[in-house]
Amino acid sequence: MSWLSEWIPNVVELADEFPAGIMQTLQMLLIPGAISFVLGVIFGVTLIVTRKGGIMENRIIFFLLDKLVNLFRSIPFIILMTLLVGVTRFLTGTSIGVAGALPSLVVGTTPFFSRQIESALAEVDQGVIEASQAMGLSPMQIIVRVYLRESIPGIARATTITLISLVGLTAIAGAIGAGGLGDMAIRYGYHRNMYDVTYVVVIIILVMITLIQTIGDVIVKKTSH
Amino acid sequence: MIELRHVSKTFETKKLNVHAVKDVSLHIASGEIYGVIGFSGAGKSTLIRCINLLERPTSGEIIVDGSNMCKLNDKELRKIRKKIGMIFQHFNLMRSRTVFQNVAFPLKDSGLSKQEIAAKVTDLLKLVDLVEKKDAYPSELSGGQKQRVAIARALANDPKVLLCDEATSALDPQTTRSILRLLKEVNQRLGITIVLITHEMAVIKEICNRVAVMEDGEVVEEGNIIDIFAHPKAQVTKNFISTTSSLSKIYEMVENNSPITQISKGQWLVHLKYGAGNTKEALLSHMTREMQVDTSIIYGNVEVIHDTPLGDLVVILGGKESDIKNAVAYAKANGVEVEVIAS
């Protein structure tokens, strides 16, 4: 163990804080990830079916949702967090810690996720949709049995990309008081010049991202024909 | 089985209105194979998509098996659509599903048990000769096989009508023939009314009982296929028919004064059209032997449409003018149409 203390002294010193940091990051990743996934699928599907020529064409709904997604995508995440402080307090009772970061992470991720899902669903051949209509399927059946089912590989790809970008957002959230690995890297690595903490945090995040990407790739491979 | 009454479809765009289908009225009888032919942009695809209301006509009525399609609500329309199968140029199979799952797909809400569905799908796959491919994915199939799966899928709900939207246009000629044979078999064995649209006269010739020729959104000619082939009226019909033979070449040669169609003084270049019933007559030898008219054939073709031979002969007749006139009169008397191309 002595060589560890030599190479990464601060990490050894702070070893107790790492499990908590990892847990917080995972919470910030999985809870908003799951919520954004559900919302992203709902919004992505809505965008696809209400667009011009869609199976439930509706100009007003499409226009509103489309612009709303653009609006929230154009706000930098760090500013979004400050904008949402009031909402966050109302929803979670706090604006700091993991709970305080959840609403902004959901709002920051969902528009991106929705666009990703939208483009995954847009890959479904229009002819297949038409064939399903000709077979007498209802719009809801077409959404579930054709759009979602046919684009499982695309949705898996979208989820992988979104989760990876969410990892980045958790680090930003960490910087303004949400905790997690990003917070550790900033607090110790940056403010106190404990570079070894930053390196180890980077390695842990790298492992997380590699895992997400690998699982995503496996799902895509298994479901593509 | 299907009746179109004054059906029109206009697509409105910002700049102009496109009249894709203009006042088309057709009656398609039960058990028929009905063809609609036209060049691309003639409106035939819009027309066939109006039948199951994938395209809602701007005006007119569509009656399928007694139901007035435009008056149905969404739920009733979906129910009727289950009884109208449809196949497409690009097959439109689901990539994420196997051949078996694709064919079973329309049976999801049919109330059949798993075993019944499996039995039905197997029967359908036997019909289209693809049982051994049941676990393959569409990406592993050839174009012809994909269209066979699409046909099996279209037949899953025991439809009364099968709509074929350019179903063979993406296939090579040999595969086209095998798909057409399958459609004919489906028509004869299951008694399903088939409506198909195509831009290939060869397809029409192969399986259709009746044909409508479309140009610029309108049906310019309609009728029994043998009559249409024997006596085409509209120019576009003649053009389509000439695509299936080299007859048009002869006319080109005449126009370009090709040595093959050159005639000397006293000779006539005539086009003889045989209809059903007189292709077997020994017409030319009779002219030569009994009427002292020399005949030399420069082009001959016999089309067999539904076991009815339709012949075309381009012949140079030579001899005394009165004899030639006699010979022409004799041919006409025997029910052969004679067109004098040059004399």
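Modeller: Axes are lines fitted to C-alpha atoms, for helices over the stretch in contact, with angles from 0 to 180 degrees between N-to-C directions. The model is predicted, so local features need pLDDT of at least 70 and side-chain atom pairs pLDDT 80 or more, while totals for chains, interfaces and linings use all residues. Residues are numbered from 1 along each chain as written, chains are lettered from A and ligands numbered from 1 in written order, and side-chain values use heavy atoms, without hydrogens or water.

Biologist: At roughly what angle do the axes of α9(A) and α10(A) cross?

Modeller: Helix α9 of chain A covers residues 139–150, and its axis comes within 5 Å of that of α10(A). The contact (heavy atoms within 4.5 Å) joins A:L148, A:R149 and A:E150 of α9(A) to A:I152, A:P153 and A:I155 of α10(A). Four of these residues are nonpolar, none is polar and two are charged. The axes cross at roughly 55 degrees.

Biologist: How is α10(A) oriented relative to α12(A)?

Modeller: In chain A, α10 (residues 152–178) and α12 (residues 195–223) pack with their axes 8 Å apart, at an angle of about 175 degrees. Because of that angle, α10(A) and α12(A) are roughly antiparallel.

Biologist: How many nonpolar residues are in the contact of α10(A) with α12(A)?

Modeller: From α10(A) the contact includes A:I152, A:L163 and A:V167, and from α12(A) it includes A:I205, A:I219 and A:Q213. By class, four residues are polar and one is charged, and the nonpolar ones number 11.

Biologist: How many helices does chain A have?

Modeller: The C-alpha trace of chain A spans about 70 × 40 × 25 Å along its principal axes. Helices (H or I, at least four residues) and strands (E, at least two) are DSSP runs numbered from the N terminus. Chain A has zero strands, and its helices number 12.

Biologist: Which helix of chain A holds both A:E118 and A:R115?

Modeller: The side chains of A:E118 and A:R115 form a salt bridge, 2.8 Å from N to O; the rule asks for a side-chain nitrogen of Lys or Arg within 4 Å of a carboxyl oxygen of Asp or Glu. The two residues are about one helical turn apart because three residues separate their positions in helix α7.

Biologist: About how much area do chain B and chain A bury between them?

Modeller: The contact takes 23 residues from chain B and 20 residues from chain A. B:R78, B:S96 and B:F105 supply 24% of the area that chain B buries against chain A, more than any other three residues. Buried area is the accessible area (1.4 Å probe) that two parts lose on being put together, summed over both. Carbon and sulfur atoms account for 51% of the total, which is about 2,000 Å².

Biologist: Which residue of chain A meets B:D109 in a salt bridge?

Modeller: The structure holds 21 salt bridges over all chains, and the rule finds three across the interface of chain B and chain A. In one of them, 3.0 Å from N to O, the side chain of B:D109 meets that of A:R145.

Biologist: Which element gives the largest share of the side of chain B that touches chain A?

Modeller: Two elements of chain B give two or more residues to that side, α2 (74–81) and β6 (84–88). The largest share, three residues, comes from β6(B).

Conventions. Angles under 35 degrees count as roughly parallel, over 145 as roughly antiparallel, 65 to 115 as roughly perpendicular and the rest as oblique. Ala, Val, Leu, Ile, Met, Phe, Trp, Tyr, Cys and Pro count as nonpolar, Asp, Glu, Lys and Arg as charged, and the others, Gly among them, as polar.
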